Amino acid sequence: MPFSFVEIEEHKSWQIGFVFVGLVLFYFVGASLLIVVTHYVLLYQARGSLANTGFLLLPPKIFICTFLVALAAAGLHWVYSIYQSIPHLLKIMRATAPDPQDSYHKQLQNIVDEVSVAVGGRKIDCVVLPTSALNAFSLADFSGKAAIGVTEGLLTCLNRAQLEAVVGHEAGHIIMGDTLIETATVSAVSVFTGLNHFLGEALRGSRTSRSERGGGAILLVLVLYLVTLVLRFLTYLISMFISRECEYRADAVAVRLVRDPLSLAQALRKISRGWRGGGDIYDSLETLFIVSPNCNALDEKEGFLADLFSTHPPVTQRLKILLSMAHADLNTLDASVKENEVARPTVPVIEKITEPRWLIDVNGKWEGPFAAAATLGMDLRYDTFIRRDGSGQVMMVSDDPDLIGLLRQRGESSRGQNNCPRCLTPLANALYEGVPVESCQACGGVLLADDKILRIIIRHEQGFSAEVMRQARLVQAVAQKGILGVPKFHHELSCPRCAQIMNRHFYSFVYPVEVDTCYLCNVTWYDKDELEILQYLIESAESAQQG
Amino acid sequence: MMTGLLLVILVILLVAAPIAIYNQLVVLRQRVKNGFSQIDVQLKRRHDLIPNLVETAKGYMAHERGTLDEVIKARNMAIGAQGVAGQAQAENMLSGALKSLFAVVENYPNLKADTQMLALQEELTNTENKISFARQYYNDEVMNYNTQVTVFPANLMAGSFGFNKEEFFQAETPEDRAAPKVQF
């Protein structure tokens, strides 16, 4: 079992050589065809016909030159794409580094570190794909770097043991060297894929304009397009042919590393039932994922054709193998998956508070009771102690929404000091569904950086109270009636960070939850329950779609 | 002429084979040593995390001094342990103390929900898993090495080159064997 990088290289170098030869061939064939076609086009234009011209009348010297140039070009291409492949591919997939303050990301980082210890201490980087799809992938390049990526959706849906099994599977690919081949192939081919798309667009665009001279150029472009198409297809075939066997083997290595076949089976079961996309990626990247992101009816079949045209083996077959190792069957698997699901917490109903008068603590003495207007002359701060008239409970001003409203109206001077825009209590760091946010302990509002809202929408740790659901339905009713034009909002809150006025707007016209955003600091303020309402709306829309 | 050639080939083989075997055994033994020191790295990490854990728990678990003190004592003993067997025993006792601490934590829902405690628990789970993976890797390497040392024809030469079988890392007590892997 090769664990060291040197051994992996030794074992797989013949396959790598094959890809390199293919690359040289492409450049050679492409360049030769270019030359031959240009030659004939020029001849045709000079003589007016192609009669009496022999086939391939060009001297062999030209072909030798072409070959050398092709070799050089392929070499450059190879060096660039292989040594830069990981950052390049990660950028295409829009993968991001894990956020150390986010509890889910931290757990993923920990799991990847554990698996790299199990592999003998080889350093493996970790990335996250910001999509709610369920999938995982691995990348490796010749400089010794390796990376494992997991989607946000998968982080939400799997528990720790299942996540470890999936990471173990990806690590299995890395140490077996499959990832190295596939990353090398994919990045070498990605240039052709890009070129192919570009040529396709050029062809489509040129159909509208035709001319004598244009005819020759179009022919050229067409030839190149076809050549790159064939090359893409061939490399695709090759990588698919090897990749089915690689998946079985990676499953076996995962079990060997993590010693938990049942968790891997559970994870595969969950992934195959959910949306397994990888985000917005080229077709050629699909071999790198644990379950094929592009669903294909052939995937679930066996046989020569299926082996040839689908990148991943049928999930049912993989499950059968894993379950036999775990001494279980499909029924116990489904039961154990259900068992492991954590139910959303139910939130108890909170009763409405009636409008009272207040007794206010002034220098240690209770004064009052005062109505709201009467507090005008007093020095009320967010932490002044008050007592509702008729109740024995002592609380602070910040606990009482009516008094706080008063304070805000009067314009307290402590804006911009990271205080709550509503009730001016200092904001505290907290975790909401694992995401680091700043929340106001007094009025329940949340300050969230704009780049983190996606994680909250994908994760579903939070339970929803009946009140939230009721308000969400009201918001939905507004959305359904349709919003004509841009509504005029009264911007009244100021940003806790920079003290500028925040822009009040609907989160979106489909989800018209009113929020305040500071575009200078890229943070959004959600009042109490607004974040839950938004989450509830989006998630019920998603589950309505899934039926 | 033929016999001369055959003789030369035979001599070359007789010289090359031991060299190849020796080199392979050297590589495998180095891997075993590497695996062993990996375990030490993870153990040290565990030693460093434990005081933090106890401090966080202390605030909530005022009358569980007995359990907390046991954990600190086991940790200090583990740091001071000498020799492979002594170390292994001390580490196992520390694992036992941690298990009983987490069993008690279950009774304190406020402590369980405390975010710092949750983060610490995640770190500890992480460390315990790393320790067991490091041990697993070490055992795998020892298995490879022991196999290579005892197969034919290497076993003829291994003793004289100074390569002997290494010890596996094993569970010390029967109760360790019986207990399943703990998920905190």
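This is a short chat about a predicted model.

User: How are residues and chains labelled here?
Analyst: Residues are numbered from 1 along each chain as its sequence is written, while chains are lettered from A and ligands numbered from 1 in the order in which they are written. The model is predicted, so local features need pLDDT of at least 70 and side-chain atom pairs count only at pLDDT 80 or more, but totals for chains, interfaces and linings use all residues.

User: How many residues does each chain put into the contact between A and B?
Analyst: Chain A gives ten and chain B gives eleven. Two residues are in contact if their C-beta atoms, placed from the backbone, lie within 7 Å.

User: Which part of chain A gives the largest share?
Analyst: Helix α4 of chain A, residues 103-118, with seven residues. Helices (H or I, at least four residues) and strands (E, at least two) are DSSP runs, numbered from the N terminus.

User: At what angle do α4(A) and α6(A) pack?
Analyst: About 50 degrees, with their axes 9 Å apart. Helix α6 of chain A covers residues 160-176. Axes are lines fitted to C-alpha atoms, for helices over the stretch in contact, and angles run from 0 to 180 degrees between N-to-C directions.

User: Which residues make that contact?
Analyst: From α4(A), they include A:L108, A:I111 and A:V115. From α6(A), A:L163, A:V167 and A:A171 are among them.

User: New topic. Is β2(A) mostly covered or open?
Analyst: Mostly covered: five of its five residues are buried. A residue is buried if 20 or more other C-beta atoms lie within 10 Å of its own, exposed if 12 or fewer, and partly exposed in between; C-beta atoms are placed from the backbone.

User: Which residues sit on each face of β2(A)?
Analyst: A:A136, A:S138 and A:A140 are on one side. A:F137 and A:L139 are on the other.

User: How many bridges join β2(A) to β3(A)?
Analyst: Five, and the strands run antiparallel. Two strands pair if DSSP finds at least two bridges between them. A:L139 has A:A147 of β3(A) as its bridge partner.

User: What about the hairpin, where is the positive phi?
Analyst: At A:G144, near 95 degrees. The hairpin has five residues between the strands.

User: Where does A:A133 lie?
Analyst: In the loop between β1 (125-129) and β2 (136-140) of chain A.

User: Why does A:A133 count as partly exposed?
Analyst: Because 19 other C-beta atoms lie within 10 Å. The C-alpha atoms of A:A133 and A:L154 are separated by 7.0 Å, and these residues are 21 residues apart along the chain.
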